[in-house]
Amino acid sequence: AILLVTRDMSDKKQAALAFIHSEENYRLIVNNAYDGISITDSVTFMVIYHNPALQQMLGYDPDTWPQKGLLEFIHPDDRCLVAETLQEGIKKGEGSLQCRLEKSDGSFIWAEVTGRLINQNGKKPQLLFISRDISERKQAETILIKSAAQLRHNQQELKQQLDYLNYLINNMHEVFVTYNLEKNITLVNGAAHKHLGYKREEIIGRSVTDFIAGSHKSHASALIRDRLEK
């Protein structure tokens with residue numbers, strides 16, 4: 001006689017198929033992502049997986065990806081910061097920073113890197129990194145910082161020049177006056193008080209012709225009008 005024992009495995013089969021399907025979808029998404037994605041061993045920091053976008057970002061062909069640790073891709077000046085951030089990120093389970101990554105030709109790009117610890121059942125955890133090229137943003141920031149520094153320098157130079165001119169004007173023996181298109185006085189130096197006896201507040205805002213003797217007022221007004229027209 002033959003004994004047959006039958007068990008319904010539909011749910012298990014469907015779950016297995018769903019897992020395979022979801023894994024294929026994730027792989028499709030990762031392989032077509034614009035950001036660089038990599039998976040790294042959390043102990044040795046060796047790169048286990050890298051997607052095509054990361055290969056393109058760093059200028060490597062699929063067959064020429066170097067077998068080296070994560071820190072070897074980092075600019076020497078950034079390695080200490082990256083190593084410290086890695087250790088903190090492993091403790092927290094996530095982290096992010098900006099650093100320079102070395103390309104296949106030896107040049108460097110600025111990247112914004114976000115990392116997350118991936119825990120696996122019964123296995124040592126792995127590190128998932130998502131990297132985005134921000135070199136153009138960094139260049140723009142550098143230009144902006146240089147422009148701001150140059151502006152501050154120019155402002156400081158201008159202030160020094162103005163302070164020096166102000167010192168010269170206020171220490172002149174001659175009366176120095178500026179006036180606007182309406183002939184109203186806008187600035188006067190210290191010699192005005194010495195020679196004319198007026199305080200600054202008694203002069204500012206008044207017409208420059210108020211201080212010209214009556215016998216010369218007509219001629220002076222004509223000269224001033226001619227000067228303003230020209």
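**The space inside**

The lining of the largest cavity draws at least two residues from each of helix 2 (52–58), helix 3 (79–92), strand 3 (94–102), strand 4 (108–120) and strand 5 (123–133). Before I go on: this is a predicted model, where local features need pLDDT of at least 70 and side-chain atom pairs count only at pLDDT 80 or more, while totals for chains, interfaces and linings use all residues. Residues are numbered from 1 along each chain as its sequence is written, and side-chain values use heavy atoms, with hydrogens and water left out.

When I say helix, I mean a DSSP run of H or I with at least four residues, and a strand is a run of E with at least two, numbered from the N terminus.

Strand 3 contributes the most, with 6 residues. The lining splits into 18 nonpolar, 9 polar and 2 charged residues. Here nonpolar covers Ala, Val, Leu, Ile, Met, Phe, Trp, Tyr, Cys and Pro, charged covers Asp, Glu, Lys and Arg, and the others, Gly among them, are polar.

Staying with strand 3: it runs antiparallel to strand 4, joined by 9 bridges. Strands pair if DSSP finds at least two bridges between them. Gly95 has Gly115 in strand 4 as its bridge partner. The hairpin of these two strands has 5 residues between them, and Gly106 there takes a positive phi near 90 degrees.

**Rings and charges**

Next, the aromatics. Rings of Phe, Tyr and Trp (its six-membered ring) pair if their centres lie within 6.5 Å; planes under 30 degrees apart are stacked, over 60 edge-to-face, and the rest tilted. The whole structure has 3 such pairs. Take Tyr198 and Phe211, which are edge-to-face at 5.1 Å centre to centre, with 85 degrees between the planes. Tyr198 is in the loop between helix 5 (191–196) and helix 6 (200–203), and Phe211 in the loop between helix 6 and helix 7 (214–229), so their pair ties together parts 13 residues apart in sequence.

Elsewhere, ring pairs link Tyr60, Trp65 and Phe73 into a cluster. Lys68 has its charged end over the ring of Phe73, 4.6 Å from the centre. Sitting over a ring means that NZ of Lys or CZ of Arg is within 6 Å of the ring centre and within 35 degrees of the ring normal. Lys138 does this with Trp110, at 4.5 Å from the ring centre.

**Two last stops**

Which residue other than glycine has a phi near 60 degrees? That's Phe45, with a positive value, in the loop between strand 1 (36–41) and strand 2 (47–50). Lys183 also isn't a glycine, and its phi is positive at about 70 degrees. Lys183 lies in the loop between strand 6 (177–179) and strand 7 (185–188).
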